[in-house]
Amino acid sequence: MCVVLLAGVIWLQNYSQEAIDDHIYEIYNRIQVATGQNQNRLPLRIVEQNIENAYCDGKEIVIFRGLLDAVTTDDEIALVLAHETAHQ
């Protein structure tokens, strides 16, 4: 089992969507490398809908903007992304 430790920083509420999205992709990249999924990486897509959900359909990992708005730390989003990564 591999554990990815991330600093529990306060979520980036005062940053632009682009900066937040870049940060989400960086967290996702760290999880992929740490879990050995880097070679079989699924694309990550952020959907602009106010739904608190994420899923993996075997072709991509999808996370909705509503979930990103609801989380308060990097650790929370890392948990969701790691969970979805486990489905691939």
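Predicted model: local features only at pLDDT ≥ 70, side-chain atom pairs only at ≥ 80, totals over all residues.
Two strands are taken as paired if DSSP finds at least two bridges between them.

Going along the sequence, they come in the pattern α-β-β-β-α-α. The protein has 88 residues, of which 39% count as buried. As for how far apart in sequence the touching residues are, take the contacts between residues at least 6 apart: 47% of these join residues at least 24 apart.

Now for the sheet itself. Strands of a sheet pair through backbone hydrogen bonds, and they can do so either parallel or antiparallel. Here the 3 strands make an open sheet with mixed pairing, laid out in the order β1-β3-β2. That leaves β1 (44–47) and β2 (54–56) as the edge strands, each pairing on one side only. On average, neighbouring strands of the sheet are turned by 15° against each other, ignoring direction.

Two of the helices come up against these strands. Helix α1, spanning residues 17–34, packs on the sheet and touches β1 and β3. The direction of α1 makes about 145° with that of β1. Helix α3, made up of residues 74–86, lies across β1, β2 and β3, and α3 runs at about 150° to β3.

The two helices also pack on each other. A pair of packed helices is described by the angle between their axes and the distance between the axes. For α1 and α3, the angle is about 50° and the axes are 10 Å apart. The crossing of the two, α1 and α3, is right-handed.

What does the contact look like residue by residue? On the α1 side, it involves His-23, Ile-24, Ile-27, Tyr-28, Ile-31 and Gln-32. These meet Asp-74, Ile-77, Ala-78, Leu-81, Ala-82 and Thr-85 of α3. Sorted by kind, the residues in the contact of α1 with α3 come out as 8 nonpolar, 3 polar and 1 charged.

How values were computed
Residues numbered from 1 in each chain as written. Heavy atoms only, no water. Helix = DSSP H or I, 4+ residues; strand = E, 2+ residues; numbered from the N terminus. Axes fitted to C-alpha atoms, helices over the stretch in contact; angles between N-to-C directions. Contact = heavy atoms within 4.5 Å. Left-handed = near helix turned anticlockwise from the far one by under 90°. Nonpolar A, V, L, I, M, F, W, Y, C, P; charged D, E, K, R; others polar. Buried < 20%, exposed > 50% of the residue type's maximum accessible area, 1.4 Å probe, protein only.
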